[in-house]
Amino acid sequence: MKVLVIGGGAREHALCRSLSQDPAVTELHCAPGNAGIARVAALHPVDQSDGAAVTALARELGADLVVVGPEAPLVAGVADPLRAAGIPVFGPSAEAAQLEGSKAFAKDVMAGAGVPTARSYVCTTEQEAAEALDAFGAPYVVKDDGLAAGKGVVVTEDRAVALEHAKGCDRVVIEEYLDGPEVSLFAITDGTTVLPLVPAQDFKRALDGDQGPNTGGMGAYTPLPWAPEGLVEEVLATVLQPTVDELRRRGTPFSGLLYAGLALTSRGTRVIEFNARFGDPETQVVLARLRTPLAGVLLAAANGTLAGLEPLRWDEDAAVTVVLASEGYPANPRTGDPIEGLDEAEADGTAFVLHAGTTSGAAGEVLTAGGRVLSVTATGADLAEARAKAYAGLAKISFKGAQHRTDIAAKAAQ
């Protein structure tokens, strides 16, 4: 099988790493990729949100499967011309990807499907936003309706901050605050059958102790020793399957990766948000534990044959990933700095490094090229061992102004 992965972050590196280990994959390509992905896949320049260009590249390569990683190309409709050309693609249509592209659309789908979520108001004026904030009270939860690269949500006790964020968006969803721990659950679906993966938890805030601004995610771990028994089965029955069924009923079937961000509240499990693709950095730890070869699963989703697959096989091991970010992230990340110690971090085989914001310099050196630069990932017999290995690997890497959280999976590992 020839596989083309679209994207260039740590999520795509995790996907490429797993696909490169699949005996069924004879050729692996990535566009545009990054310096780390170049070690396992052939890289190609492409505008990843240009459906015609991506389709032309897939045809040129003779791709048997195209896997679209990031949300922006999916919401832009990159999967649609690929499907029209008869090329199997893992990723939803532009219409179905509105589940992530519009918070208001997602709320409407959840209402139709009877999915438990936070009460909310959709606001388009400052007055509407002010009234909604007052209706719910603090803590205030304000979400940009559109895509914002994981940074469109403000949760604050300060009404003025909440209102300022709302004013900066064309349309916002203001909702009640959901208490309780958060869980990420991915599911692969062909539009009918839904195949849940293992749950994970990520860390959104920039600083230790869940302080600082929201980011795209500073680390993640799986499994969740504190999660209630039967959580995956409950979420499949009350959230994932009803959502997929509702989208199919509306004539916009969802095929690809459905990501449910969940809050385990005092009143039961509630959906915080949906994403239309693998989450970053949770993908890094979830795929680290998957033993079933990945390509066949993604192809079955693309071809509508998931129901015929054997149950997925998983390692009993735990996995932890820690993000190494650049100076100034998330507000104003510094780029262009050389990265040292990458080979040393992987030398003993206990950790592996997934590249997010990196590029190759003129002399072949690896340079920083984004806010989140690397995800250092490790597995172990339990979370404490996986965590120790990930941080030991991270300690060998350096670049100017590098920052990371020191408490990823710390509480769960105790």
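Helix α6, which spans residues 103-113, has K103, A104, A106, K107, V109, M110 and A113 as its buried residues, where buried means under 20% relative accessible area, exposed over 50% and partly exposed in between, with a 1.4 Å probe and protein chains only. The model is a predicted one, in which local features need pLDDT of at least 70, side-chain atom pairs count only at pLDDT 80 or more, and totals for chains, interfaces and linings use all residues. Residues are numbered from 1 along each chain as its sequence is written, and side-chain values use heavy atoms, with hydrogens and water left out. Helices (H or I, at least four residues) and strands (E, at least two) are DSSP runs, numbered from the N terminus. The cover over the buried residues of α6 includes α5 (98-101), β6 (120-123), β7 (140-144), β9 (172-175), α9 (231-249) and β17 (268-275). Just after α6 comes G114, with a positive phi of about 70 degrees.

Next comes a sheet. Strands of a sheet pair through backbone hydrogen bonds, either parallel or antiparallel. Here, four strands in the order β11-β10-β16-β17 form an open sheet with antiparallel pairing; two strands pair if DSSP finds at least two bridges between them. At the edges are β11 (194-196) and β17, each of which pairs on one side only. Strands β10 (residues 182-189) and β16 (residues 256-265) run antiparallel and are joined by eight bridges. For L185, the bridge partner in β16 is A260.

A further strand, β18 (residues 318-325), contains T321. T321 counts as buried because its relative accessibility is 0%. Leaving aside residues up to four places away in sequence, T321 touches G219, A220, P281, Q284, V285, S375, V376, T377 and I408, a contact being heavy atoms within 4.5 Å. The side chains of T321 and T377 are joined by a polar contact of 2.8 Å. Such a contact is a pair of N or O atoms within 3.5 Å; within protein, one must be able to donate a hydrogen and the other to accept it, and residues adjacent in sequence count only if both atoms are side-chain atoms. A polar atom of the T321 side chain also lies 3.3 Å from the backbone oxygen of V376.
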